[in-house]
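Please look through the sequence and the structure shown below before reading on. The report then considers charged pairs and nonpolar cores in turn.

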Amino acid sequence: SDLMDEICARVKADPFAYRLQHLKNSRVIGVLKAAMELAKWDARPSPKANLARTGIASGRGIACVAYEGMNGYAALIAYVDVDLQSGLVQPKRFVVALDCGPISNPDGLKNQTDGGILQGMSRALVEEVTWDETKVTSVDWQTYHSLYLDYEIPDIECVFVTPEGVPALGAGETSITVVPAAIGNAIFDATGARLRDVPFTPERVRMALETAWKDKTT
């Protein structure tokens, strides 16, 4: 999905419309349309025009998946704020559409989907295995970081797509898979900076911003 957004930016196309133009899988199309409708998607190319160099920049990004080929389908729209001085990324809102076929426990599926998004957010922003010349050094909760209990949790809006006459599919990890790409695309939309390595730490965001700003002036 990051690569798809880079193509969209190159041809100055709206990321949602461009995906629809090239997708054939009806169920991926179904979750994309459902997420777009719930989010009231702002159709325009990314990044935003007249990008700021100071303060807080806001952006939105989209990603979709046919999980494990055909074991569930999801589309996620992420809305983020980026502190252009510190490089801190703060997700503010997620809109997710999920199709796993028939649903026996909607509340349980909502909880699973929300939890997957939070786990994906943790992986996208803070979790990282570190090592030195001989061993892994992220060996406990002091050295391996994840979202803490006082983290500002974004709003999560969820819609389920339930086609008729299809079998039940998996939903255990589907929403996790789209979070890093959606956040990365939202950062690009807000700032014009493209990140290619997770987690999107403040240090990496600042470096990407410096590169993007330098490219704009050369």
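Does Glu 6 count as buried, partly exposed or exposed, and what is its relative accessibility? In this predicted model, Glu 6 counts as partly exposed, at 27% relative accessibility.

**Salt bridges**

The side chain of Glu 6 meets that of Arg 196 in a salt bridge, with 2.7 Å from N to O. Glu 6 belongs to helix α1 (residues 2-11) while Arg 196 lies in the loop between α6 and α7, so this pair ties together parts that are 190 residues apart in sequence.

A search of the whole structure finds 12 salt bridges, and the table sets out some of them.

| Pair | N to O distance | Separation in sequence |
|---|---|---|
| Arg 196 and Glu 6 | 2.7 Å | 190 residues |
| Arg 27 and Asp 99 | 2.8 Å | 72 residues |
| Arg 204 and Glu 128 | 2.9 Å | 76 residues |

In the pair of Arg 27 and Asp 99, Arg 27 is buried with a relative accessible area of 15%, and Asp 99 also counts as buried, at 0% relative accessibility.

Arg 204 and Glu 128 form another salt bridge, and here Arg 204 is partly exposed, with a relative accessible area of 27%, while Glu 128 counts as partly exposed at 30% relative accessibility. Arg 204 lies in helix α7 and Glu 128 in the loop between α4 and β4 (155-160), so the pair ties these two parts together.

Salt bridges can also be linked to one another, as they are in a network that joins Asp 14, Asp 42, Arg 44, Arg 60 and Asp 189.

In soluble globular proteins, nonpolar side chains tend to be buried together. The largest nonpolar core of this model has 33 residues, and those with the most contacts inside it include Leu 76, Val 82, Phe 94 and Ile 187. Among the elements that give two or more residues to this core are the strands β1 (56-66), β2 (73-83) and β3 (89-99), together with the helices α4 (106-125) and α7 (202-217). Helix α6 gives the most, with seven residues.

Val 82 shows how such contacts reach across the chain: leaving aside residues up to four places away in sequence, Val 82 touches, among others, Ile 56, Val 89, Ile 187 and Val 205. A second, separate core of 17 residues includes Trp 41, Cys 64, Tyr 73 and Val 161.

Definitions and conventions. Residues numbered from 1 in each chain as written. Predicted model: local features only at pLDDT ≥ 70, side-chain atom pairs only at ≥ 80, totals over all residues. Heavy atoms only, no water. Core = buried A, V, L, I, M, F, W, Y, C linked by side-chain atoms within 4.5 Å. Buried < 20%, exposed > 50% of the residue type's maximum accessible area, 1.4 Å probe, protein only. Helix = DSSP H or I, 4+ residues; strand = E, 2+ residues; numbered from the N terminus. Contact = heavy atoms within 4.5 Å. Salt bridge = Lys/Arg side-chain N within 4 Å of Asp/Glu carboxyl O.
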